[in-house]
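Visitor: I'm new here. Can you put the model up and walk me through it?
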Amino acid sequence: MTGKYDCRKDTEKHIKRVAYYLNICKKELCKKSKRHDFDKIHDKTEKALFDEYTPKLKHCTYGSDEYKSFLVGLKPALDIHYKNNRHHPEHFANGIKDMTLLDLLEMLCDWKASSERHADGDIYRSIEINQSRFGYSDELKTILKNTIDYLISEMNR
């Protein structure tokens, strides 16, 4: 090799490749944002049950016995919903372990928005409860909390 190596050309190529992959993610996240829970309002079975149970869920504490009893009544709609929506761990045979980072991000945003619908909603408490429910690691729990911290800081800018 003659002369001194200049990283500019290789780094510019690398930057373009990273941008290429990030743009794939951006495109997928845009699709997810447009399709999120579409079936809840377009599938007759789901809509009827969500019309009945959403107001009840709003006034109970996430994870409580009352909350769990409402989920029993909502189960036929949830079964359809989970089958058709990969942002739910229940969609996959191995739960969260089969999800992509993009699925996880949509799931977390869903949890955050859902926590805002409950009178006493708390996304951090939801993340704690869901760790037991879905069996994810402390490391993933910390990443989810860090992401919420980031989203909240961006909302408050």
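**A first tour**

Visitor: Are Tyr-62 and Tyr-67 buried or exposed?
Guide: Tyr-62 is buried, and Tyr-67 is buried too. Buried is under 20% relative accessible area, exposed is over 50%, and partly exposed is in between (1.4 Å probe, protein chains only).

Visitor: What am I looking at, and how do you count residues?
Guide: This is a predicted model, where local features need pLDDT of at least 70, side-chain atom pairs need 80 or more, and totals for chains, interfaces and linings use all residues. Residues are numbered from 1 along each chain as its sequence is written, and side-chain values use heavy atoms, without hydrogens or water.

Visitor: What is the mean pLDDT of the protein chain?
Guide: The mean is 95. 99% of the residues reach 70 or more. pLDDT is the predictor's confidence in each residue, from 0 to 100.

Visitor: Where is confidence lowest, and where is it highest?
Guide: It is lowest in helix H2, residues 38-42, with a mean of 92. Helix H1, residues 8-35, is highest at 98.

Visitor: How many helices and strands are there?
Guide: The protein chain has 7 helices and 0 strands. Along the sequence the pattern reads α-α-α-α-α-α-α. Both kinds are DSSP runs numbered from the N terminus: helices are H or I, at least four residues; strands are E, at least two.

Visitor: What about overall dimensions?
Guide: The C-alpha atoms fill a box of roughly 75 × 35 × 30 Å along the principal axes. The radius of gyration is 20 Å, while a compact globule of 157 residues would have one near 15 Å. That radius is taken over C-alpha atoms, and the globule rule is 2.2 Å times the number of residues to the power 0.38.

Visitor: How much of the protein chain counts as buried?
Guide: 31% of its 157 residues. The protein chain exposes about 10800 Å², and carbon and sulfur atoms supply 57% of that. Areas come from the Shrake-Rupley method with a 1.4 Å probe, and for residues only the protein chains shown count as cover.

Visitor: Back to the rings. How many aromatic pairs does a search of the whole structure find?
Guide: It finds 5. One of them joins Tyr-62 and Tyr-67, edge-to-face, at 4.8 Å centre to centre with 65 degrees between the planes. Rings of Phe, Tyr and Trp (its six-membered ring) pair if their centres lie within 6.5 Å; planes under 30 degrees apart are stacked, over 60 edge-to-face, the rest tilted.

Visitor: Which residues do ring pairs link into a cluster?
Guide: Trp-111, Phe-134 and Tyr-136.

Visitor: What lies over the face of Phe-50?
Guide: Lys-40, at 4.5 Å from the ring centre. The charged end of Lys-56 sits over the ring of Tyr-53, 4.5 Å from its centre. The test asks for NZ of Lys or CZ of Arg within 6 Å of the ring centre and within 35 degrees of the ring normal.

Visitor: Is Lys-112 buried or exposed?
Guide: Lys-112 counts as buried, because its relative accessibility is 17%. It lies in helix H5, residues 101-115. Leaving out residues up to four places away in sequence, Lys-112 touches Ile-123, Ile-148 and Ile-152. Contact means heavy atoms within 4.5 Å.

Visitor: And Lys-34, buried or exposed?
Guide: Lys-34 is exposed, because its relative accessible area is 72%. Lys-34 is in helix H1.

Visitor: Where is His-81?
Guide: His-81 lies in helix H4, residues 65-84. It is buried, with a relative accessible area of 1%. Leaving aside neighbours within four places in sequence, its contacts include Asp-37, Lys-40, His-87 and His-88.

Visitor: What stands out in the phi of Asp-37?
Guide: It is positive, about 55 degrees, although Asp-37 is not a glycine. Most residues other than glycine have a negative phi. Asp-37 sits in the loop between H1 and H2, and it is buried at 13%.

Visitor: What does Leu-57 touch?
Guide: Tyr-67, Phe-70, Leu-74 and His-118, not counting residues up to four places away in sequence. Leu-57 is in helix H3, residues 44-58. Its relative accessible area is 11%, so it is buried.

Visitor: Last one. Which residues does Ile-129 touch?
Guide: Tyr-62 and Gly-63, not counting residues up to four places away in sequence. Ile-129 lies in helix H6, residues 123-134. At 28% relative accessibility, it counts as partly exposed.
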